[in-house]
Amino acid sequence: MICRASITPGTVLIILAGRFKGKRVVFLKQLPSGLLLVTGPFKINGVPPRRVNQAYVIATSTKVNISGVNAEKFDDKDFSKKADKKKNIKEEAEFFEAESKVKTKLPNEKKDDQKAVDAALIKAIEVFPDLKSYLGARFSLQDGMKLHELVF
């Protein structure tokens, strides 16, 4: 899948759908599946490295120099979910037990990868004085704003 011409590595994107809608993120690379690898960075706006379909982003004219960021270790396999075992029909008592809820933790390897990418990216972001607050701010439309007249 070909990436849009306006989306190049280091471009600041606005996510339009999902859990992080309205967040501004930095585009790192295009994955083999055609999805885009983006990150917040996590310390600035809470968006971890994740895959996003390019149909659900708006490219802005803001660019970040990501030459020091190594995103080669991220692949589609890192983001795929593990296959769940077949769910058995539970009895009513088991269904409502609080103990049965087990929260899975993020592996330390993923956390270390995220911190390494974020550290290099934050150094590049701090070169520009207002970029950190720009990435931390959420995008939303207000009354009277005309989407077709906005320049990103």
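Author: Strands of a sheet pair through backbone hydrogen bonds, in either a parallel or an antiparallel sense. In this predicted model, strand E1 (residues 11-15) and strand E2 (residues 24-30) pair in the antiparallel sense, and three bridges join them. Within this pairing, Leu-13 stands opposite Val-25 in E2.

Reader: In what order do the five strands of the open sheet lie?

Author: The order is E4-E3-E2-E1-E5, and the pairing is antiparallel. Strand E4 (50-52) and strand E5 (57-63) each have a single partner strand because they stand at the edges, and so one side of each is left without a neighbour in the sheet. From one strand to the next, the twist averages 45 degrees.

Reader: Turning to charges, how many salt bridges does the structure hold?

Author: Side chains of opposite charge can pair when their charged atoms come close. The structure holds one salt bridge, which Asp-113 forms with Lys-73, the closest N and O atoms being 3.9 Å apart, inside the cut-off of 4 Å. Since Asp-113 belongs to helix H4 (residues 108-125) while Lys-73 sits in the loop between E5 and helix H2 (76-79), the pair ties together parts that are 40 residues apart in sequence.

Reader: Is Asp-113 buried or exposed, and how does Lys-73 count?

Author: Buried means a relative accessible area under 20%, and Asp-113, at 16%, is therefore buried. Lys-73, with a relative accessibility of 37%, counts as partly exposed.

Terms used: Residues are numbered from 1 along each chain as its sequence is written. This is a predicted model: local features need pLDDT of at least 70, side-chain atom pairs count only at pLDDT 80 or more; totals for chains, interfaces and linings use all residues. Side-chain values use heavy atoms; hydrogens and water are left out. Two strands pair if DSSP finds at least two bridges between them. Helices (H or I, at least four residues) and strands (E, at least two) are DSSP runs, numbered from the N terminus. Axes are lines fitted to C-alpha atoms, for helices over the stretch in contact, and angles run from 0 to 180 degrees between N-to-C directions. A salt bridge is a side-chain nitrogen of Lys or Arg within 4 Å of a carboxyl oxygen of Asp or Glu. Buried means under 20% relative accessible area, exposed over 50%, partly exposed in between (1.4 Å probe, protein chains only).
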